[in-house]
Amino acid sequence: MEKQQFDFIGKSFDIKNIGKATGKEIYTCDVNIPGQLYAVVLRSPFPHAEIKKIDYSQAEKMGAICISGDDVPDILYNERIVSIPEKTYRDRTVLPKDKVRHVGEAVAACAAETEEEAFMALKKIKVEWGKKWRPLINLDKAMDPDALQIYDHVYLGEERVDINNNIACERNVDVGDIEEGFKEADEIVERTFSTQRVYHMQMETKSAVCVPEADGGITVWTTSQGIHNVRILLGNIFNIPLSKVNVKRTTLGGSFGSSIQMNSITPICVALALKAKRSVKLVTTREEDIYDHSKYPLKTILKIGAKKDGTLTAAHCRVWVEIGGHNIQAYPYLGCVAGWFASLYKWKNLKYEGTAVYTNKVPSCAMQGYGNPQINFAVESLIDILAEKLDMDPIEIRLKNYVGKGDEFWGQGPTVRSIIRSCGVEEMLIEGSKLAGWDKRTLPSKKKGDIRRGIGVARGFHTSGTGGPNPGEVIDYSGATIKINEDGSVDVLTALMDHGGGTWDAGAKVVAEVLKVPYSKVSIYSGVDTRTTVFDVNTHATRGVYCGCGAIKYVAEKVKEILLNYAATLFKDLPENLELTCNEELGQAVICPRGIPQNYMTLGEIAEHAHITSWGTIAHTATLRQKNCPPCFITHFVEVEVNTKTGEIKVPRAVIMGDSGTIINPDLWEGQIIGAFSRGLGFSLLEETKYDLNNGKLECNGMITDYKIPTTIDMPKVGSITVRSAHTYEPTGPFGAKGMGEAALSSVGSAVAIAIYNAIGIRFYELPITPEKVLKALKEKEGR
Amino acid sequence: MKKIEIEFTINGKKRRLSVKPNDLLINIIRNDLFLTGSKYGCGIGECGACTVLLNGEPVLSCLTLAATVDGKEITTIEGLAIGDELHPMQKAFLKNGAVQCGFCTPGMILTATALLKENPNSTEDEIRDYMRGNLCRCTGYIQIVKAIKSCENNLETS
Ligand code: FES
Ligand code: FES
């Protein structure tokens with residue numbers, strides 16, 4: 001392990017979030033353009049219906065500007081263009097032309113001088129509906145050969161694909177020979193698991209503002225995890241040269257994956273602005289937002305085999321995902337689920353079969369983990385069952401079989417793989433078990449009383465980015481322009497997005513560390529757009545620090561090279577004889593001939609010299625593709641308290657071990673892990689977007705209080721949640737760093753379910769584990 | 001609709017506005033006064049993102065009619081710092097890593113200042129209970145509770 005002393009990496013700077021603590025931060029919904037119109041969207045009350053005609057003449061008489069399917073381009077697109085075009089399914093237009101496929105799907109929109117006028121005009125839009133069908137809500141019903149087809153055909157890249165049995169796409173992977181593998185096994189276990197639809201509930205609802213420019217171009221602010229992809233999509237859909245589409249990078253009020261794709265309202269806002277030839281602002285309501293995106297659910301049948309000593313011999317994994325009314329990214333999703341599954345344990349022989357199915361529900365999309373928490377729940381639960389059958393300690397069986405250093409990790413499905421070079425799994429399991437008091441764990445049969453305590457362990461991971469030695473199906477590169485200003489301060493221009501997890505903070509520290517410039521003099525937080533930055537694919541796949549800041553570090557090093565070369569001319573010396581350090585007293589980076597600190601020049605003096613002698617700006621621009629996808633690991637030890645009278649479950653204590661290599665932002669790193677833990681508790685115990693089978697509407701009716709997410713009182717107390725980091729260094733990462741974000745959620749649900757089993761001796765195979773389910777299961781157990 | 005003249009103090013400044021009887025305070029603050037620090041998270045009293053202080057008490061500006069603030073004093077997140085000096089609660093949030101995406105932060109900070117004014121020695125359970133109406137999807141609340149705790153007995157009366 002490389003040991004390094006850092007000036008900035010690993011330190012916390014309070015100033016980073018000052019805009020957010022003072023109300024000065026500008027989110028999309030805070031952008032106002034003088035003379036803007038306000039837009040509102042008409043949404044379908046039906047889950048599956050034919051649109052015959054939309055008449056908005058009355059609304060237009062009121063002065064509103066309206067659009068429907070007839071007004072938008074005929075371009076079929078997929079709103080997520082992270083995968084290469086040949087692997088991207090296309091099934092939608094800006095507004096539907098003939099059919100709606102879920103309740104809440106936008107069918108028309110209008111813009112007016114005030115929001116109130118826009119709402120009044122919206123009421124005048126008449127939709128003539130044709131045939132209306134009963135919704136296909138459940139997976140099995142949708143796949144029934146007699147079921148109505150939600151799509152006749154779609155496109156995969158340029159190729160037409162007919163849809164049968166509502167199957168949107170399939171993906172199979174085979175490694176080795178599972179028949180042989182199961183023959184070798186002494187013990188075989190098989191179970192069916194399912195995880196539910198969850199709503200992202202990012203605090204900021206999806207929003208957009210569009211200004212049509214005089215030259216035919218557009219300027220757009222929107223809630224997005226990747227502004228360049230929005231630029232490319234809008235340019236393609238509206239046939240505007242990409243040089244004339246400018247998308248502003250704006251702070252995001254949370255996202256959790258729901259803005260990897262261009263939001264459905266973004267092109268609606270643009271279409272309205274282009275028609276009105278006026279600026280338009282569109283902020284969706286919470287209800288609209290709940291009807292806009294959802295986490296992918298997953299049904300899994302998993303079978304695994306092992307020898308008596310716990311060595312795994314084979315695994316067969318069959319998964320189904322229902323994706324709702326549009327296919328946003330089901331194909332890469334199925335690939336990723338295969339990858340997470342394949343990379344958890346050394347199965348030796350594996351078979352994976354994945355099927356994605358259209359239903360008449362809200363389109364599902366990535367949500368922190370992209371299938372990882374879903375498949376982890378199945379794998380970790382079944383490993384726990386296997387350990388029990390083999391009479392092995394759950395930690396021992398994991399230590400025996402985990403995929404670790406030197407093994408191959410599938411960072412983004414079967415086509416993106418790289419060798420693991422840093423791994424804290426062993427340390428986390430062993431140290432974590434000490435902190436959690438694992439040896440004091442008792443069997444379910446030993447518990448008594450109404451309140452029963454249990455402890456569970458589960459481990460997980462996520463990739464850091466989607467790079468491999470060879471580019472796979474996923475586009476992955478980032479970039480930056482870095483320039484030294486005339487006073488020695490530094491501008492970092494990057495399209496890299498920050499969801500709040502500290503990606504920009506990390507970027508600023510990486511630049512500060514390379515150029516030895518005080519953190520407070522590095523500006524990364526605001527003022528960029530697609531026109532002033534080079535491409536960055538997206539902040540998804542936990543790639544912000546590893547890939548985004550990896551690229552930033554690469555550019556900063558180039559700038560350092562230019563700087564030292566220029567300084568060498570001033571010192572009349574060779575660049576390699578110069579030393580760059582941070583002088584805290586001066587609050588400046590300084591350069592001196594190595595070993596002669598008194599002969600220093602400050603970075604400000606050097607930059608000023610370059611300026612007044614007209615040498616030019618010390619700056620560099622480049623993009624970089626990371627060629628690895630190192631896993632960041634996590635291990636959860638969770639304690640639960642089950643009230644056998646009410647079925648309620650509390651989580652009084654947790655020990656969470658994380659492996660991110662070098663930690664760049666310690667306070668936000670911990671915050672990411674704890675935040676993911678709370679979302680994980682929501683996923684395990686509370687949250688589900690349930691549908692009415694008859695009318696296809698959400699049972700929560702678009703209300704947060706009826707949906708329920710964790711609040712302050714659902715979390716363990718401050719001192720009862722312990723977060724620790726493994727001691728690792730990722731040789732391919734910026735200063736030894738890899739990611740954390742999505743990993744932190746991956747094993748929460750599994751650990752909670754396993755802890756519940758330890759408390760009451762009942763296995764749950766379906767999330768969320770609600771009090772009703774607990775009571776029902778307890779009753780059944782007693783009845784037996 | 002007939003407009004009503006109202007006069008109120010916001011962040012220490014007197015303002016006169018004419019509003020419609022059904023205008024919501026959140027819209028007046030965000031759209032007319034351009035104080036966009038108060039956030040819209042739900043519009044129906046479910047999330048706390050729109051919290052402002054009305055005569056020192058936390059209220060949900062999305063449920064408050066603008067007409068009812070006549071003669072009253074409003075503090076939004078923009079008015080909490082005194083000059084360049086951040087309010088101790090703002091500092092505590094920054095210091096404890098209690099801010100991620102920041103969308104809940106203004107409402108959280110304002111609610112927390114009201115809590116400690118009411119009860120400067122709140123226990124952790126009291127803090128958790130008082131703050132439960134303010135939703136945060138990013139942080140998992142622990143660092144927020146820590147930040148509030150660190151401010152106890154440390155809030156000058158403002
Ligand atoms: S916006 Fe007022 S409580 Fe949510
Ligand atoms: S910091 Fe994002 S919602 Fe609280």
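Q: Where does A:Pro768 lie in chain A?

A: A:Pro768 sits in the loop between helix H19 (748-760) and helix H20 (771-783) of chain A. Helices (H or I, at least four residues) and strands (E, at least two) are DSSP runs, numbered from the N terminus. Before going on: this is a predicted model, where local features need pLDDT of at least 70, side-chain atom pairs count only at pLDDT 80 or more, and totals for chains, interfaces and linings use all residues. Residues are numbered from 1 along each chain as its sequence is written, chains are lettered from A and ligands numbered from 1 in the order in which they are written, and side-chain values use heavy atoms, with hydrogens and water left out.

Q: And what kind of peptide bond joins A:Leu767 and A:Pro768?

A: A cis one, with omega of about -5 degrees.

Q: Which domains does chain A have?

A: The assignment gives domain 1 (18-24 + 477-624), domain 2 (31-133 + 203-254 + 259-290) and domain 3 (296-366 + 379-408 + 415-463 + 630-783). Domain bounds come from an automatic or database domain assignment.

Q: How far apart are the C-alpha centres of domain 1 and domain 2 of chain A?

A: They lie 38 Å apart. In the contact (heavy atoms within 4.5 Å), 23 residues of domain 1 of chain A meet 21 residues of domain 2 of chain A.

Q: How is chain B divided?

A: Into domain 1 (4-79) and domain 2 (88-150). Their C-alpha centres lie 21 Å apart. Domain 1 of chain B puts 15 residues into the contact, and domain 2 of chain B puts in 13 residues.

Q: Cavities next. How many are there of 30 Å³ or more?

A: The count is 9. On a 1 Å grid over the protein atoms alone, a cavity is a set of points where a 1.4 Å probe fits but cannot get out, and lining residues have an atom within 4 Å of a point. Grid points are joined across faces, edges and corners, and a volume is the space filled by probe spheres set on the points.

Q: What volume does the largest cavity have?

A: About 630 Å³. It is lined by 41 residues, of which A:Gly501, A:Thr542, A:Gln672, A:Gly741 and A:Glu742 are the closest to its centre.

Q: Which helices supply at least two residues of that lining?

A: Helix H13 (503-515), helix H14 (544-571) and helix H16 (666-686) of chain A each do. H16(A) gives the largest share, 4 residues.

Q: How do the residues of the lining of the largest cavity divide into nonpolar, polar and charged?

A: There are 14 nonpolar, 23 polar and 4 charged. Ala, Val, Leu, Ile, Met, Phe, Trp, Tyr, Cys and Pro count as nonpolar, Asp, Glu, Lys and Arg as charged, and the others, Gly among them, as polar.

Q: Is A:Glu742 buried or exposed?

A: Buried, at a relative accessible area of 13%; the cut-offs are under 20% for buried, over 50% for exposed and partly exposed in between (1.4 Å probe, protein chains only). A:Glu742 is in the loop between strand E33 (721-725) and helix H18 (743-746) of chain A.

Q: What does A:Glu742 touch?

A: Not counting residues up to four places away in sequence, A:Glu742 touches A:Gln368, A:Gly369, A:Tyr370, A:His462, A:His540, A:Ala541 and A:Thr542.

Q: A:Tyr370 is on that list. What is its phi?

A: A:Tyr370 has a positive phi of about 45 degrees, although it is not a glycine. A:Tyr370 lies in the loop between strand E20 (364-365) and helix H10 (372-389) of chain A, and counts as buried at 6% relative accessibility.

Q: Back to cavities. Where does the second largest cavity lie?

A: Between domain 2 and domain 3 of chain A, because both give residues to its lining. Its volume is about 190 Å³. Of its 21 lining residues, A:Glu79, A:Arg92, A:Ser264, A:Asp292 and A:Pro363 are the closest to the centre.

Q: Last one. Which residues of helix H3 of chain A are buried?

A: In H3 (residues 115-123), A:Ala118, A:Ala121 and A:Leu122 are buried. They fall within an arc of 105 degrees seen down the helix axis, so they line one face of H3(A); the arc is that of the directions from the helix axis to the C-beta atoms. These buried residues pack against strand E1 (37-43), helix H2 (57-61) and strand E6 (106-112) of chain A.

Technical notes. 1 Å grid on protein atoms, 1.4 Å probe; cavity = no way out; pocket = protein on both sides within 12 Å on 5 of 7 lines; lining within 4 Å.
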